[in-house]
Amino acid sequence: MQTILGAGGIIANELAKELHKNYTKDIRLVGRNPKKVNETDELFKADLLNAQQTADAVKGSEIVYLTAGLPYNSKIWHEQWPILMQNVIDACKLHQAKLVFFDNVYMYGQVLGTMTEETPFKAVSIKGKVRGKIAQMLLNEINNKQLTAMICRAPEFYGPRNTLSGTNATIFDNIKKGKKLQVLVKDSTLRTIIFTPDAGRATALLGNTPDAYNQTWHLPCDTNRLTTKEFISLCSEVKGEELKYTVMKPWLIKIVGLFVPYIQEVVELIYQWEQDYVFECSKFNKRFTEFKTTSLKDGITEILSEK
(Lines give C-alpha, C1' and ligand atoms only; values in the text may rest on other atoms or scores of the structure.)
Protein backbone atom coordinates (compact mmCIF):
# COMPACT_ATOMS: atom_id res chain seq x y z
CA MET A 1 0.00 0.00 0.00
CA GLN A 2 1.24 3.47 -0.93
CA THR A 3 -0.62 6.28 0.80
CA ILE A 4 -0.92 9.96 -0.13
CA LEU A 5 -1.69 12.31 2.75
CA GLY A 6 -3.27 15.47 1.44
CA ALA A 7 -5.39 14.16 -1.42
CA GLY A 8 -6.94 16.60 -3.86
CA GLY A 9 -4.05 18.98 -4.46
CA ILE A 10 -2.34 19.18 -7.84
CA ILE A 11 0.81 17.36 -6.66
CA ALA A 12 -1.21 14.63 -4.94
CA ASN A 13 -3.23 14.11 -8.12
CA GLU A 14 -0.18 13.98 -10.41
CA LEU A 15 1.55 11.63 -7.95
CA ALA A 16 -1.47 9.31 -7.75
CA LYS A 17 -1.64 9.05 -11.54
CA GLU A 18 2.06 8.25 -11.81
CA LEU A 19 2.02 5.66 -9.02
CA HIS A 20 -0.95 3.92 -10.63
CA LYS A 21 0.65 3.99 -14.08
CA ASN A 22 4.11 2.70 -13.19
CA TYR A 23 4.36 1.38 -9.63
CA THR A 24 1.23 0.09 -7.88
CA LYS A 25 -2.55 -0.11 -8.09
CA ASP A 26 -2.71 -0.29 -4.28
CA ILE A 27 -3.10 3.43 -3.50
CA ARG A 28 -4.85 5.10 -0.57
CA LEU A 29 -5.86 8.76 -0.83
CA VAL A 30 -6.27 10.53 2.51
CA GLY A 31 -7.94 13.86 3.13
CA ARG A 32 -10.94 15.58 4.65
CA ASN A 33 -12.92 14.85 1.50
CA PRO A 34 -10.81 12.68 -0.82
CA LYS A 35 -11.88 11.87 -4.38
CA LYS A 36 -10.60 9.14 -6.65
CA VAL A 37 -7.91 9.91 -9.19
CA ASN A 38 -7.73 6.30 -10.41
CA GLU A 39 -10.63 3.84 -10.39
CA THR A 40 -8.82 1.48 -7.98
CA ASP A 41 -7.94 4.15 -5.39
CA GLU A 42 -8.97 3.57 -1.76
CA LEU A 43 -10.42 6.67 -0.11
CA PHE A 44 -9.84 7.42 3.57
CA LYS A 45 -11.26 10.46 5.36
CA ALA A 46 -8.98 11.89 8.03
CA ASP A 47 -7.92 15.16 9.65
CA LEU A 48 -4.12 15.14 9.83
CA LEU A 49 -4.27 17.48 12.83
CA ASN A 50 -5.80 14.56 14.72
CA ALA A 51 -3.12 12.08 15.84
CA GLN A 52 -5.39 9.03 15.98
CA GLN A 53 -6.97 9.69 12.60
CA THR A 54 -3.50 10.16 11.10
CA ALA A 55 -2.30 6.88 12.60
CA ASP A 56 -5.38 5.07 11.28
CA ALA A 57 -4.80 6.56 7.81
CA VAL A 58 -1.20 5.34 7.70
CA LYS A 59 -1.85 1.83 9.03
CA GLY A 60 -0.91 -0.85 6.50
CA SER A 61 1.18 1.51 4.34
CA GLU A 62 4.62 0.69 3.03
CA ILE A 63 5.27 4.20 1.69
CA VAL A 64 3.55 7.42 2.79
CA TYR A 65 3.71 10.67 0.79
CA LEU A 66 3.01 13.89 2.66
CA THR A 67 1.72 16.38 0.09
CA ALA A 68 -0.78 18.14 2.35
CA GLY A 69 -1.25 21.87 2.34
CA LEU A 70 -2.69 24.30 4.86
CA PRO A 71 -4.48 27.61 4.17
CA TYR A 72 -1.94 30.17 2.95
CA ASN A 73 -1.80 32.06 6.23
CA SER A 74 1.27 32.57 8.43
CA LYS A 75 -0.66 32.27 11.70
CA ILE A 76 -2.27 28.99 10.68
CA TRP A 77 1.07 27.63 9.43
CA HIS A 78 2.80 28.56 12.70
CA GLU A 79 0.11 26.89 14.81
CA GLN A 80 -0.75 23.83 12.74
CA TRP A 81 2.20 22.66 10.64
CA PRO A 82 4.31 21.36 13.56
CA ILE A 83 1.31 19.43 14.90
CA LEU A 84 0.58 17.93 11.50
CA MET A 85 4.20 16.95 10.90
CA GLN A 86 4.54 15.36 14.36
CA ASN A 87 1.34 13.37 13.81
CA VAL A 88 2.64 12.06 10.48
CA ILE A 89 6.08 11.22 11.89
CA ASP A 90 4.53 9.37 14.84
CA ALA A 91 2.13 7.47 12.57
CA CYS A 92 4.92 6.37 10.22
CA LYS A 93 7.10 5.25 13.12
CA LEU A 94 4.20 3.35 14.70
CA HIS A 95 3.39 1.47 11.50
CA GLN A 96 6.98 1.26 10.20
CA ALA A 97 6.17 3.11 6.99
CA LYS A 98 8.65 5.06 4.88
CA LEU A 99 7.87 8.78 4.58
CA VAL A 100 8.30 11.00 1.52
CA PHE A 101 7.79 14.71 2.33
CA PHE A 102 7.01 17.07 -0.56
CA ASP A 103 8.55 20.39 0.47
CA ASN A 104 9.23 23.90 -0.84
CA VAL A 105 12.19 26.32 -0.64
CA TYR A 106 10.92 28.92 1.83
CA MET A 107 13.34 27.78 4.59
CA TYR A 108 16.36 28.80 2.52
CA GLY A 109 15.43 32.46 2.81
CA GLN A 110 17.18 35.02 0.59
CA VAL A 111 19.85 33.03 -1.27
CA LEU A 112 22.56 34.89 -3.17
CA GLY A 113 23.54 32.34 -5.78
CA THR A 114 22.23 28.84 -6.36
CA MET A 115 19.95 26.80 -4.10
CA THR A 116 21.21 23.24 -3.58
CA GLU A 117 20.34 20.40 -1.22
CA GLU A 118 23.12 21.69 1.07
CA THR A 119 21.86 25.28 1.24
CA PRO A 120 21.47 26.20 4.94
CA PHE A 121 18.12 27.19 6.42
CA LYS A 122 18.17 30.99 6.84
CA ALA A 123 14.51 31.89 6.63
CA VAL A 124 13.58 35.57 6.71
CA SER A 125 9.80 35.05 6.64
CA ILE A 126 7.33 33.53 9.10
CA LYS A 127 6.35 30.88 6.56
CA GLY A 128 9.99 30.12 5.88
CA LYS A 129 10.75 29.66 9.57
CA VAL A 130 7.81 27.27 9.89
CA ARG A 131 8.94 25.25 6.88
CA GLY A 132 12.45 25.13 8.29
CA LYS A 133 11.15 23.90 11.64
CA ILE A 134 9.11 21.03 10.21
CA ALA A 135 11.84 20.01 7.78
CA GLN A 136 14.29 19.89 10.69
CA MET A 137 11.84 17.77 12.69
CA LEU A 138 11.98 15.20 9.92
CA LEU A 139 15.75 15.49 9.45
CA ASN A 140 16.23 14.86 13.17
CA GLU A 141 14.28 11.60 12.91
CA ILE A 142 16.38 10.55 9.91
CA ASN A 143 19.67 11.48 11.59
CA ASN A 144 18.69 9.61 14.77
CA LYS A 145 17.76 6.56 12.63
CA GLN A 146 14.23 6.60 13.98
CA LEU A 147 12.53 6.84 10.60
CA THR A 148 13.27 6.03 6.96
CA ALA A 149 12.29 9.16 5.07
CA MET A 150 13.26 11.70 2.44
CA ILE A 151 12.54 15.29 1.51
CA CYS A 152 11.56 16.12 -2.08
CA ARG A 153 11.93 19.86 -2.57
CA ALA A 154 10.40 21.93 -5.36
CA PRO A 155 10.50 25.60 -6.41
CA GLU A 156 7.59 27.60 -7.84
CA PHE A 157 4.99 25.54 -9.75
CA TYR A 158 3.54 25.98 -13.20
CA GLY A 159 1.33 23.45 -14.89
CA PRO A 160 -1.97 22.29 -16.36
CA ARG A 161 -5.18 21.00 -14.72
CA ASN A 162 -5.94 23.94 -12.43
CA THR A 163 -2.47 24.23 -10.95
CA LEU A 164 -2.58 26.83 -8.17
CA SER A 165 0.58 28.93 -8.25
CA GLY A 166 1.81 32.45 -8.63
CA THR A 167 2.96 31.80 -12.20
CA ASN A 168 -0.38 30.31 -13.21
CA ALA A 169 -2.35 33.07 -11.50
CA THR A 170 -0.40 36.01 -12.93
CA ILE A 171 0.44 34.63 -16.38
CA PHE A 172 -1.50 31.62 -17.65
CA ASP A 173 -4.88 32.44 -16.08
CA ASN A 174 -4.67 35.92 -17.59
CA ILE A 175 -3.67 34.57 -21.01
CA LYS A 176 -6.77 32.36 -21.00
CA LYS A 177 -8.93 35.30 -19.92
CA GLY A 178 -7.45 37.60 -22.55
CA LYS A 179 -6.16 39.97 -19.88
CA LYS A 180 -2.84 41.77 -19.52
CA LEU A 181 -0.31 39.62 -17.66
CA GLN A 182 1.18 40.58 -14.31
CA VAL A 183 4.79 40.34 -13.18
CA LEU A 184 5.82 40.68 -9.55
CA VAL A 185 8.59 43.17 -8.70
CA LYS A 186 10.91 42.71 -11.74
CA ASP A 187 10.91 41.12 -15.17
CA SER A 188 14.71 40.86 -15.39
CA THR A 189 15.56 38.25 -12.75
CA LEU A 190 16.12 34.59 -13.61
CA ARG A 191 13.40 32.19 -12.48
CA THR A 192 13.39 28.42 -11.93
CA ILE A 193 9.95 26.81 -12.10
CA ILE A 194 8.84 23.19 -12.04
CA PHE A 195 6.17 21.59 -14.23
CA THR A 196 3.67 19.94 -11.89
CA PRO A 197 3.41 16.64 -13.82
CA ASP A 198 7.23 16.39 -13.60
CA ALA A 199 7.05 17.00 -9.85
CA GLY A 200 4.57 14.15 -9.46
CA ARG A 201 6.58 11.77 -11.68
CA ALA A 202 9.85 12.53 -9.91
CA THR A 203 8.35 12.14 -6.43
CA ALA A 204 6.89 8.75 -7.36
CA LEU A 205 10.25 7.66 -8.78
CA LEU A 206 12.14 8.74 -5.66
CA GLY A 207 9.61 7.09 -3.35
CA ASN A 208 10.06 3.80 -5.18
CA THR A 209 13.88 3.95 -5.23
CA PRO A 210 15.12 2.30 -2.00
CA ASP A 211 18.57 3.91 -1.99
CA ALA A 212 17.10 7.40 -2.39
CA TYR A 213 15.88 7.50 1.23
CA ASN A 214 17.40 9.41 4.14
CA GLN A 215 18.36 12.26 1.82
CA THR A 216 17.04 15.56 0.49
CA TRP A 217 16.37 15.79 -3.25
CA HIS A 218 15.75 18.84 -5.40
CA LEU A 219 13.16 17.84 -7.98
CA PRO A 220 13.95 18.25 -11.70
CA CYS A 221 13.25 21.47 -13.61
CA ASP A 222 14.19 22.70 -17.06
CA THR A 223 17.69 24.07 -16.51
CA ASN A 224 17.19 26.58 -19.33
CA ARG A 225 16.30 29.28 -16.84
CA LEU A 226 14.70 32.42 -18.23
CA THR A 227 13.89 35.85 -16.89
CA THR A 228 10.18 36.55 -16.57
CA LYS A 229 10.45 38.80 -19.61
CA GLU A 230 11.99 35.94 -21.62
CA PHE A 231 9.41 33.49 -20.28
CA ILE A 232 6.54 35.72 -21.41
CA SER A 233 8.25 36.08 -24.79
CA LEU A 234 8.28 32.28 -25.06
CA CYS A 235 4.59 32.23 -24.10
CA SER A 236 3.97 34.77 -26.87
CA GLU A 237 5.78 32.52 -29.36
CA VAL A 238 3.65 29.53 -28.38
CA LYS A 239 0.45 31.58 -28.33
CA GLY A 240 1.24 33.17 -31.70
CA GLU A 241 0.67 36.72 -30.51
CA GLU A 242 2.53 39.32 -28.47
CA LEU A 243 1.44 39.16 -24.84
CA LYS A 244 1.48 42.44 -22.90
CA TYR A 245 2.26 42.66 -19.20
CA THR A 246 2.62 45.08 -16.33
CA VAL A 247 5.21 44.95 -13.55
CA MET A 248 3.80 45.29 -10.02
CA LYS A 249 6.38 47.14 -7.92
CA PRO A 250 6.86 46.23 -4.23
CA TRP A 251 5.07 49.35 -2.97
CA LEU A 252 2.02 48.49 -5.08
CA ILE A 253 2.02 44.86 -3.93
CA LYS A 254 2.04 46.05 -0.31
CA ILE A 255 -0.87 48.40 -0.92
CA VAL A 256 -2.89 45.70 -2.70
CA GLY A 257 -2.07 43.38 0.21
CA LEU A 258 -3.96 45.68 2.55
CA PHE A 259 -7.15 44.70 0.75
CA VAL A 260 -6.41 41.22 -0.66
CA PRO A 261 -5.54 38.61 2.01
CA TYR A 262 -3.63 36.32 -0.38
CA ILE A 263 -1.40 39.16 -1.61
CA GLN A 264 -0.81 40.21 2.00
CA GLU A 265 0.57 36.73 2.65
CA VAL A 266 2.92 37.04 -0.35
CA VAL A 267 4.46 40.34 0.84
CA GLU A 268 6.93 38.65 3.22
CA LEU A 269 8.24 36.56 0.29
CA ILE A 270 8.83 39.44 -2.15
CA TYR A 271 12.57 38.77 -1.95
CA GLN A 272 11.99 35.72 -4.18
CA TRP A 273 11.28 38.07 -7.09
CA GLU A 274 13.81 40.79 -6.27
CA GLN A 275 16.83 38.69 -7.28
CA ASP A 276 17.67 35.62 -9.36
CA TYR A 277 15.83 32.49 -8.16
CA VAL A 278 18.12 29.65 -9.22
CA PHE A 279 17.21 26.18 -8.05
CA GLU A 280 19.81 23.48 -8.75
CA CYS A 281 18.64 19.93 -9.54
CA SER A 282 21.85 18.31 -10.82
CA LYS A 283 21.87 15.70 -8.04
CA PHE A 284 18.60 14.26 -9.36
CA ASN A 285 19.65 14.57 -13.00
CA LYS A 286 22.92 12.71 -12.41
CA ARG A 287 21.20 9.91 -10.47
CA PHE A 288 18.21 9.47 -12.80
CA THR A 289 19.68 10.00 -16.25
CA GLU A 290 16.68 8.48 -18.06
CA PHE A 291 14.15 10.89 -16.53
CA LYS A 292 12.90 13.27 -19.21
CA THR A 293 12.21 16.73 -17.80
CA THR A 294 9.58 18.74 -19.66
CA SER A 295 11.03 21.76 -21.44
CA LEU A 296 9.56 25.17 -20.69
CA LYS A 297 8.27 25.42 -24.26
CA ASP A 298 6.55 22.02 -24.09
CA GLY A 299 5.08 22.84 -20.68
CA ILE A 300 3.71 26.16 -21.91
CA THR A 301 2.29 24.45 -25.00
CA GLU A 302 0.46 21.86 -22.90
CA ILE A 303 -1.04 24.51 -20.61
CA LEU A 304 -2.19 26.79 -23.44
CA SER A 305 -3.66 23.87 -25.40
CA GLU A 306 -6.01 22.91 -22.56
CA LYS A 307 -9.69 23.32 -23.29
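Modeller: Begin with handedness. A crossing is left-handed if the near helix is turned anticlockwise from the far one by less than a right angle, and right-handed if clockwise. Keep in mind that this is a predicted model.

Colleague: Which hand does the crossing of α3 and α4 have?

Modeller: The crossing of α3 and α4 is right-handed.

Colleague: At what angle do the axes of α3 and α4 cross, and within what distance do they come?

Modeller: Helix α3 covers residues 74-95, and helix α4 covers residues 126-143. Their axes cross at roughly 15 degrees and come within 9 Å. Angles under 35 degrees count as roughly parallel. The two helices, α3 and α4, are therefore roughly parallel to each other.

Colleague: Which residues of α3 and α4 meet?

Modeller: From α3 come S74, W77, H78, W81, P82, M85, Q86, I89 and K93. They meet I126, K127, V130, R131, K133, I134, M137, L138 and E141 in α4. By class, this contact has 10 nonpolar, 3 polar and 5 charged residues.

Colleague: What lines the largest cavity?

Modeller: Its lining has 20 residues. Nearest the centre of the largest cavity lie T167, I171, R191, T228 and W273. At least two lining residues come from each of α5 (166-177), β9 (181-184), β13 (226-227) and α7 (228-239). Helix α5 gives the most, 4 residues. The classes in this lining are 8 nonpolar, 8 polar and 4 charged.

Colleague: And which residues line the second largest cavity?

Modeller: V105, G109, Q110, V111, G113, M115, Y271, Q272, Q275, D276, Y277 and V278 do. That lining divides into 6 nonpolar, 5 polar and 1 charged.

Colleague: Last, pockets. What volume does the second largest pocket have, and which residues line it?

Modeller: A pocket is an open set of points, unlike a cavity. The second largest pocket has a volume of about 210 Å³. Its lining is E14, K17, E18, K21, N22, Y23, R161, P197, R201, L205 and F291. The largest share, 5 residues, comes from α1.

Colleague: How do the classes divide in the lining of that pocket?

Modeller: The lining of the second largest pocket has 6 charged, 4 nonpolar and 1 polar residues.

Note on methods: Residues numbered from 1 in each chain as written. Predicted model: local features only at pLDDT ≥ 70, side-chain atom pairs only at ≥ 80, totals over all residues. Heavy atoms only, no water. Axes fitted to C-alpha atoms, helices over the stretch in contact; angles between N-to-C directions. Parallel < 35°, antiparallel > 145°, perpendicular 65-115°, else oblique. Contact = heavy atoms within 4.5 Å. Nonpolar A, V, L, I, M, F, W, Y, C, P; charged D, E, K, R; others polar. 1 Å grid on protein atoms, 1.4 Å probe; cavity = no way out; pocket = protein on both sides within 12 Å on 5 of 7 lines; lining within 4 Å. Points joined across faces, edges and corners; volume = space filled by probe spheres on them.
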